[in-house]
Amino acid sequence: MGRKRLTNTYMSTLCLEISMLLHSGITIKNGVLMMLDDEPDKDAKKVLQNLLDNLEGDVPLSVAMKNGAYFPNYMVSMIEVGEKTGRITETLTALAAHYDRQDRLLKSIKSAALYPSVLLGMMLVVVMILITQVLPIFNDVFGRMGAQMSPIATQLLQFGAWFRGASVVIAIIVGIIFLCAFLMWAIPASREGIVKLLKSKFGGSGLFGRIATFQFVSSMTLAMSSGLGVEESISLAASFNRDSKSLSQKYEKCMAIIGESNNLSTALKDSGILSARDSRMLSIGEQSGMGDSAMEEIARRSDRAVQDEIAGIVGRIEPTLVIITSLIVGTILLSVMLPLIGIMTSIG
């Protein structure tokens, strides 16, 4: 873990544990000391030891985290808000839920990208083996019979021959592409730049738009749980999710409506951030004094909706790739088997 960025899972667990310790009446310093004694992971021990060292005296948790330089600014800022409003326990619990949702989202996106990529790679390997290894065998069989393969099979055979001849160069190029892609994804600044570019292009619509809505609602839930007012909560949530022009326009419209009516549910609905159904739930929550709970439920539903949509996309990609592979393999085999069957029939 060292000085590199903490994972969402670790931050969620840490916030939840500190929240439970505070709820039981244990001071933060004593709580961190207890956690340090029971921590089996050496990297996590470094984080806790660093936090404990910065908790000397009456230093607030937010200041200790900021001085430790391990924790993200977002977490530090929200804990600072919770300390000022006297809702530090609620803030830590909300942070735990927030990072847990972010962790599930990140894992779903990684799975959605990895599985189809592996399937596509296997498909290409199967096709190339057929073209470069199997077709030459059939070509020899046809040659011994004094016949030729079909035009399609002949063209594929020629492509296979070219591919074998250029295989070293192609392997080097593919290796360089994969290496560059890996380095770009492994370097945080580069990875964040790619994600930011994608969000700026597609962040306001489709799946990206729904992910942005989920992240906004999750941030709103956290801000409201920390004791921030409506306008401050919107401003804070928008500042972490303002990745495209369309999103910025939605947030600006929402702030303008809030300034006129001070009705959060109406502002979120009219600005296009929330659906009519979610807006109605939030309106009921506001009227019953349970706005925080309603926003939490909306965040949970948004999380589930995004997860279901990602799973649906992956579910559609898998059979599509299988069908395409079957068609390609079937075409290759039929292009040589049908003429071969015809020859065998004529001989018989």
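Student: Which residues line the largest cavity?

Tutor: This is a predicted model, in which local features need pLDDT of at least 70 and side-chain atom pairs count only at pLDDT 80 or more, while totals for chains, interfaces and linings use all residues. Residues are numbered from 1 along each chain as its sequence is written, and side-chain values use heavy atoms, with hydrogens and water left out. On a 1 Å grid over the protein atoms alone, a cavity is a set of points where a 1.4 Å probe fits but cannot get out, and lining residues have an atom within 4 Å of a point. Those lining the largest cavity are Thr213, Phe216, Leu247, Lys250, Tyr251 and Ile273.

Student: Which helix gives the largest share of that lining?

Tutor: Helices are DSSP runs (H or I, at least four residues), numbered from the N terminus. Helix 10 (206-225) and helix 12 (245-261) each supply at least two lining residues. The largest share, 3 residues, comes from helix 12.

Student: How do helix 1 and helix 6 run, roughly parallel or roughly antiparallel?

Tutor: Their axes, which are lines fitted to C-alpha atoms over the stretch in contact (heavy atoms within 4.5 Å), with angles running from 0 to 180 degrees between N-to-C directions, belong to helix 1 (residues 8-23) and helix 6 (residues 88-144), and they come within 8 Å and cross at roughly 160°. Angles under 35 degrees count as roughly parallel, over 145 as roughly antiparallel, 65 to 115 as roughly perpendicular and the rest as oblique. Helix 1 is therefore, relative to helix 6, roughly antiparallel.

Note on methods. On a 1 Å grid over the protein atoms alone, a cavity is a set of points where a 1.4 Å probe fits but cannot get out, and a pocket is an open set with protein on both sides within 12 Å along at least five of seven lines; lining residues have an atom within 4 Å of a point.
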